[in-house]
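Subject: Structure for you to look at

Hello,

Please find the structure below. My notes on what was found in it follow.

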Amino acid sequence: MTSVTHNTLLSPSKNITENTHKKSNEAALILIRHGESLWNEKNLFTGCVDVPLTEKGVEEAIEAGKRISNIPIDVIYTSSLIRAQMTAMLAMIQHRRKKVPIILHNESEQAKIWSQVFSEETKNQSIPVIPAWELNERMYGELQGLNKQETAERYGKQQVHEWRRSYDIPPPKGESLEMCAERAVAYFEDNIEPKLAAGKNVMIAAHGNSLRSIIMYLDKLTCQEVISLELSTGIPLLYIFKDGKFIKRGSPVGPTEAGVYAYTKRLAQYRQKLDENSEIICS
Ligand SMILES: O=C(O)[C@@H](CO)OP(=O)(O)O
């Protein structure tokens, strides 16, 4: 598995360093855990097994999309797993800007060439979606596919709680949160943070544990504090990246929530522009 690089053809900026100087250093970052999957529903350890969303998960993703429909998004990162990609796509269908999310297939040279877009106008109306295995769920090793309740009955609640929530104890042949953080946070620092620094608004659709490790980094949580951090499925979390710092803004309750757009001048302006445009369309 290799790290995925950004396809410049669909990219909003050809050169990040070039843009860093032109753009304001303020940007929105949305984190979203995928909606309920078929194995969440069955209470099975999932990890890197690639299962789709349930009908409820689809609804959660659509609802999440409504909540963030007025927040600018220039680039989307997802894991390589379908539940995160479905969530990102379904959420984007709700976005008022109506740009089309397009998955960048960087897995091979041929895939890159065959998925090129040849219209500047079309590219401007698209949002690049970058899949990265580094954002995948923590690999759950020999627990993958086992029922969580039955596993707790067999090995004891305490042991299973340690496997699921401790920072550095890995499940049998799987990744601890610390191991998951090593790849997910490194990917965030190397690929996503430079985009934010260039003023690009980013959404990440990923997983309970890959996002817990990124939040640990953003909020500077200790190994003890991260133990009690739980993320619900399909709930978007907003951060503002400003002057190299991440400011936590919680979860937008709804698309019209006034408070969210008051967080920064740019968010308020973006929302106003969307409102003006929809008035033109409706009149
Ligand atoms: O099964 C999994 O992959 C994860 C997320 O659903 O489980 P946990 O609740 O233990 O983090």
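H34 sits in the loop between β1 (27-33) and α2 (38-41); helices (H or I, at least four residues) and strands (E, at least two) are DSSP runs, numbered from the N terminus. The model is predicted, so local features need pLDDT of at least 70 and side-chain atom pairs count only at pLDDT 80 or more, while totals for chains, interfaces and linings use all residues. Residues are numbered from 1 along each chain as its sequence is written, and side-chain values use heavy atoms, with hydrogens and water left out.

H34 counts as buried, at 2% relative accessibility (buried means under 20% relative accessible area, with a 1.4 Å probe and protein chains only). Its side chain makes a polar contact with the side chain of R83, at 3.4 Å (a pair of N or O atoms within 3.5 Å, where within protein one must be able to donate a hydrogen and the other to accept it, and residues adjacent in sequence count only if both atoms are side-chain atoms).

E137 lies in the loop between β4 (126-131) and α7 (148-155). E137 is also buried, with a relative accessible area of 8%.

Regards

Technical notes
Buried < 20%, exposed > 50% of the residue type's maximum accessible area, 1.4 Å probe, protein only.
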